[in-house]
Amino acid sequence: MLHHLGRLGEAEAILREGLPLEDEPSRRALVYNTLASVLMNQGRFPEAIAFFENAGRAWPDRGSSHRGIAEVWLRQGREFPEALDHARQAVEIDRAASGMKKEALDTRLGEDLATLAWAVAANSTVAANAQTISEVESLLVEAFQLCGTKTKPVLAQIHFEAGKAYASLKMPGKSQEQFHKAQEMDPNGIHARLSSAAAANN
């Protein structure tokens with residue numbers, strides 16, 4: 001919750017305190033993953049990647065660690081091919097995932113697909129290429145369908161990443177629309193703030 005509200009220093013401190021108390025690998029992976037996200041949002045990108053990698057080793061059948069690494073590279077605007085590889089791995093892993101409620105698995109895959117859409121757009125060599133636009137929009141449609149309407153923080157995240165994808169395709173109108181939706185969806189959340197900053201720089 002502290003992470004979601006943007007109180008990143010407090011969130012980091014609590015996660016670091018709790019991490020040694022987690023013995024079960026999957027729960028430890030969740031802490032690694034959340035801590036990595038906090039570090040990413042602090043701009044501490046090498047540390048974030050290291051913790052996402054730790055999460056992947058603790059729970060290799062969960063694609064979120066690969067999704068996180070992809071987002072770290074995309075946030076920095078570099079290593080786009082590597083980001084695309086990790087985003088595709090996340091989708092592949094989570095499409096085959098089982099052992100949890102369908103809603104949770106669908107939400108996780110929806111997050112992966114949104115990041116993959118951003119990575120595909122970032123790797124496009126031709127702005128607004130029709131084939132790339134079609135692929136990006138297909139991925140986003142599936143992402144939104146999987147997440148439904150109840151998971152507002154996740155939907156805000158997907159709108160943010162959709163905005164970044166359209167920005168990469170040099171489609172500012174659609175990009176701004178998605179950033180605005182992220183802010184409307186979860187106005188006090190981390191992705192509303194990221195979207196506000198991205199819209200100002202778009």
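How many helices and how many strands are there in the chain? In this predicted model, the chain contains ten helices and zero strands. Read along the sequence, the pattern is accordingly written α-α-α-α-α-α-α-α-α-α. The radius of gyration of the chain is 16 Å, close to the 17 Å given by the globule rule for 202 residues, so the chain is as compact as a globular protein of that length. The C-alpha trace spans about 50 × 35 × 35 Å along its principal axes. Of the 202 residues in the chain, 49% are buried. Among contacts between residues at least 6 apart in sequence, 59% join residues at least 24 apart.

One helix pair was examined in detail. Two packed helices are described by the angle between their axes and the distance between the axes. Helix H8 spans residues 152-168 and helix H9 spans residues 172-185. The two pack at an angle of about 165°, with their axes 7 Å apart. Angles over 145 degrees count as roughly antiparallel, and H8 and H9 are therefore roughly antiparallel to each other. The crossing of H8 and H9 is left-handed.

On the H8 side, the contact is made by Lys152, Leu155, Ala156, His159, Phe160, Ala162, Gly163, Lys164, Tyr166 and Ala167. H9 contributes Lys174, Ser175, Gln178, Phe179, Lys181, Ala182 and Met185. By class, the contact of H8 with H9 comprises nine nonpolar, four polar and four charged residues.

Key:
Residues numbered from 1 in each chain as written. Predicted model: local features only at pLDDT ≥ 70, side-chain atom pairs only at ≥ 80, totals over all residues. Heavy atoms only, no water. Axes fitted to C-alpha atoms, helices over the stretch in contact; angles between N-to-C directions. Helix = DSSP H or I, 4+ residues; strand = E, 2+ residues; numbered from the N terminus. Parallel < 35°, antiparallel > 145°, perpendicular 65-115°, else oblique. Left-handed = near helix turned anticlockwise from the far one by under 90°. Contact = heavy atoms within 4.5 Å. Nonpolar A, V, L, I, M, F, W, Y, C, P; charged D, E, K, R; others polar. Rg over C-alpha atoms; globule rule 2.2 N^0.38 Å. Buried < 20%, exposed > 50% of the residue type's maximum accessible area, 1.4 Å probe, protein only.
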